[in-house]
Amino acid sequence: MFPKAALIALSYLAIVSAQQVGTLTTETHPSLPWYKCTTAGGCVSQAGEVTIDANWRWTHSTSGSTNCYTGNTWDATLCPDDVTCAANCALDGADYASTYGVTVSGDALTLQLVTQSSQKNVGSRLYLMSSDTEYEIFKLVNQEFTFDVDVSNLPCGLNGALYFSEMDADGGMAKYPTNKAGAKYGTGYCDSQCPQDLKFIAGQANVAGWTPDSNSANSGTGNNGACCNEMDIWEANSISAAVTPHPCSGDGLQVCSASAGTCSSSGRYDTVCDPDGCDFNSYRMGDTSFYGPGLTVDTTQKFTVVTQFISSDGTATGDLTEIRRIYVQNGVVIQNSFVNVPGITANTYNSITEPLCDAQKAAFGDQTAFQSKGGLTQMGVAGKNGMVLVLSIWDDYSVDMLWLDSDYPTTANATAPGVARGTCATTSGVPATVEADTPNA
């Protein structure tokens with residue numbers, strides 16, 4: 001559940017694009033109210049709604065109901081190339097509850113991992129809308145973002161995520177005229193991993209070089225990927241949680257190309273984005289008693305997550321210099337845990353700052369892509385440009401979510417700084433097992 005998202009001004013206390021539009025299923029966005037708060041006006045309800053990402057939608061011929069994409073393969077006749085496919089294929093409306101397990105009750109959004117209708121659906125990715133045709137744009141610097149969450153049913157291997165990506169408000173329709181679907185149909189996605197599993201990017205299909213995944217019946221990767229700044233407010237299950245800024249050297253959607261060597265398939269650090277980020281996972285940062293079942297932040301119960309974006313001069317135009325995390329549970333305010341790992345001065349850092357990120361990368365021996373892509377300053381630029389709120393639940397067909405809740409890399413010494421990220425076994429998180437054992441998570 002992701003209820004009661006609120007954006008509070010601190011100074012007052014406060015792409016991927018797809019193609020044609022189908023007409024076989026009416027698109028009706030679930031309503032999701034949220035709250036905008038200031039000291040002067042209090043909290044005022046906003047009439048929001050959500051839409052599901054284009055990748056989850058039925059894609060069929062514009063002239064009928066022939067699938068353009070079945071399983072993890074494109075139809076060779078409808079989709080011989082990127083441009084022709086975009087012209088021949090349409091995105092259709094969604095049945096949110098029955099097909100995707102997405103339901104809303106009041107101001108609470110629930111995402112179910114597995115939904116079985118005519119076909120099996122796994123996970124979902126949704127965006128908050130300001131209207132029927134545009135995403136809500138959040139400007140984060142000198143603001144506070146707050147939400148309630150219940151992760152009690154999310155075991156090892158699952159990720160209930162809430163984050164911001166620097167997407168276009170209209171889903172890319174203005175920039176890419178071949179995109180007729182726009183934000184209403186969940187187009188325009190991008191993130192710091194430069195995902196190549198997206199079916200449509202920048203108004204064209206991603207058919208060229210498409211390779212079906214060997215371990216997933218529904219996914220594959222194409223030649224192109226969609227890169228942009230990403231601010232991970234919340235990547236979590238009941239065992240571990242992380243807050244992570246991921247800057248990119250540039251603004252908005254940037255399309256990478258595997259054939260040109262600019263996507264992560266060519267090399268993890270060969271893109272314009274920082275794939276690792278500067279993460280704050282309390283367990284990884286040395287406090288193993290802070291977050292989890294029965295711990296300081298008790299994940300068997302609902303709690304509130306507060307994230308503050310502190311600027312250099314206390315205004316919304318200043319540079320982003322710090323990201324603070326606070327929790328509230330059962331009426332008690334819980335300050336974030338302090339870092340306690342060898343190589344970093346103990347009890348000095350409990351928020352994300354440039355000095356912490358420098359110390360973390362050195363202590364863990366990690367790559368310094370965060371710094372080379374602009375660090376917090378560039379993350380702040382994206383935050384001032386405006387970003388789209390993304391809500392998702394997913395399991396990990398690449399590395400079983402071990403990077404979040406277990407020892408990772410699995411080949412490293414588990415006692416080395418930065419390797420242990422949670423208590424889950426390195427054999428946990430296998431999608432087939434997770435989906436079979438906890439389909440209702």
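This is a predicted model: local features need pLDDT of at least 70, side-chain atom pairs count only at pLDDT 80 or more; totals for chains, interfaces and linings use all residues.

Student: Where is Asn218 placed?

Tutor: Asn218 belongs to the loop between strand 20 (211–212) and strand 21 (220–221).

Student: Which residues are in contact with Asn218, leaving aside its neighbours within four places in sequence?

Tutor: They are Tyr69, Gly71 and Asn72. Asn72 is 146 residues from Asn218 along the chain, yet 4.4 Å separates their C-alpha atoms.

Student: How should I read a buried charge, such as that of Asp148 in strand 16?

Tutor: One looks for a salt bridge, which requires a distance within 4 Å. Asp148 has none, as the nearest side chain of opposite charge, that of Lys302, is 4.5 Å away. The side chain of Asp148 does make a polar contact with the side chain of Thr304, at 2.6 Å.

Student: In which sense do strand 3 and strand 4 pair?

Tutor: Strand 3 (residues 34–38) and strand 4 (residues 42–46) are antiparallel, with five bridges. Trp34, for instance, has Gln46 in strand 4 as its bridge partner. A hairpin of three residues joins strand 3 to strand 4.

Student: What is the mean pLDDT of the protein?

Tutor: The mean is 94, and 96% of the residues reach 70 or more. Over residues 1–18, however, the pLDDT is below 50, although this stretch has 111 contacts in the model beyond near neighbours in sequence.

Conventions. Residues are numbered from 1 along each chain as its sequence is written. Side-chain values use heavy atoms; hydrogens and water are left out. Buried means under 20% relative accessible area, exposed over 50%, partly exposed in between (1.4 Å probe, protein chains only). Lys and Arg count as positive and Asp and Glu as negative; His and the chain ends are not counted. A polar contact is a pair of N or O atoms within 3.5 Å; within protein, one must be able to donate a hydrogen and the other to accept it, and residues adjacent in sequence count only if both atoms are side-chain atoms. Two strands pair if DSSP finds at least two bridges between them. Helices (H or I, at least four residues) and strands (E, at least two) are DSSP runs, numbered from the N terminus. pLDDT is the predictor's confidence in each residue, from 0 to 100. Contact means heavy atoms within 4.5 Å.
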